[in-house]
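Hello,

Here is the structure I promised to pass on to you. Have a look at it first, and then read on for what I found.

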Amino acid sequence: MRKKSLLIWDSQTQGTATFTGNKLLPGGDLNNDNMINFLDYSVLGLNFYTYNAGADVNGDGGVDYYDYFSLYLNWLTGGDPE
Ligand SMILES: [Ca+2]
Ligand SMILES: [Ca+2]
């Protein structure tokens with residue numbers, strides 16, 4: 001899901017953006033529509049107990065209850081607009 005973060009320019013060609021702490025990207029947008037809702041739940045359900053990286057929210061290699069919990073925590077939220 002999209003989240004805007006301030007880009008700090010270190011030089012004319014290199015910048016740094018922070019995505020840690022309270023700037024963590026919300027996990028669970030499995031169909032990349034910038035919202036977490038029933039469509040993502042469907043993707044998770046269809047891939048439950050598989051190793052499909054497209055449904056692995058926390059990136060631990062498998063699709064299971066940890067991924068379900070991430071989706072639950074961000075349920076019905078949306079990311080920042082483009
Ligand atoms: Ca989604
Ligand atoms: Ca996982």
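A residue counts as buried if 20 or more other C-beta atoms lie within 10 Å of its own, and as exposed if 12 or fewer do. Please also keep in mind that this is a predicted model.

Let's start with the overall layout. The protein chain has two helices and two strands, and from the N terminus on they follow the order β-β-α-α. Its C-alpha trace spans about 45 × 25 × 20 Å along the principal axes. Of the 82 residues in the chain, 16% are buried. If you take the contacts with a separation of 6 or more, 43% of them join residues 24 or more positions apart.

Now to the core. Which residues form the largest nonpolar core? There are seven of them: Leu30, Ile36, Leu44, Ala55, Val57, Val63 and Leu71. Setting aside its neighbours within four places in sequence, Leu44 is in contact with Leu30, Ala55, Val63, Asp67, Tyr68 and Leu71.

Next, the two helices. H1 covers residues 38-46, and H2 covers 65-73. Their axes are 11 Å apart, and the helices pack at an angle of about 180 degrees. Angles over 145 degrees count as roughly antiparallel, so H1 is roughly antiparallel to H2. On the H1 side the contact is made by Asp40, Tyr41 and Leu44, and on the H2 side by Asp67, Tyr68 and Leu71. Sorted by class, this contact between H1 and H2 has four nonpolar residues, two charged ones and no polar ones.

Asp10 lies between strand S1 (7-9) and S2. Is Asp10 buried or exposed? Asp10 is exposed, because there are 9 other C-beta atoms within 10 Å. Not counting residues up to four places away in sequence, Asp10 touches Gly15 and Thr16. Asp10 and Tyr41 are 31 residues apart along the chain, and their C-alpha atoms are separated by 40 Å.

Leu25 sits in the loop between strand S2 (15-17) and helix H1. Leu25 also counts as exposed, because it has 12 C-beta neighbours inside 10 Å. Beyond its neighbours within four places in sequence, Leu25 is in contact with Met1, Lys3 and Phe19. Arg2 is 23 residues from Leu25 along the chain, and the C-alpha atoms of these two are separated by 7.2 Å.

Finally, look at two backbone angles. Tyr49, in the loop between H1 and helix H2, has a phi near 60 degrees, which is a positive value in a residue other than glycine. Tyr49 is exposed, because it has 9 C-beta neighbours inside 10 Å. Leu76 is in the segment after H2, and phi of Leu76 is likewise positive, near 60 degrees. Leu76 counts as exposed as well, since it has 8 C-beta neighbours inside 10 Å.

Enjoy exploring, and write back with any questions!

Best wishes

Technical notes: Residues are numbered from 1 along each chain as its sequence is written. Chains are lettered from A and ligands numbered from 1 in the order in which they are written. This is a predicted model: local features need pLDDT of at least 70, side-chain atom pairs count only at pLDDT 80 or more; totals for chains, interfaces and linings use all residues. Helices (H or I, at least four residues) and strands (E, at least two) are DSSP runs, numbered from the N terminus. Two residues are in contact if their C-beta atoms, placed from the backbone, lie within 7 Å. A nonpolar core is a set of buried Ala, Val, Leu, Ile, Met, Phe, Trp, Tyr and Cys residues joined through C-beta atoms within 7 Å. Axes are lines fitted to C-alpha atoms, for helices over the stretch in contact, and angles run from 0 to 180 degrees between N-to-C directions. Angles under 35 degrees count as roughly parallel, over 145 as roughly antiparallel, 65 to 115 as roughly perpendicular and the rest as oblique. Ala, Val, Leu, Ile, Met, Phe, Trp, Tyr, Cys and Pro count as nonpolar, Asp, Glu, Lys and Arg as charged, and the others, Gly among them, as polar.
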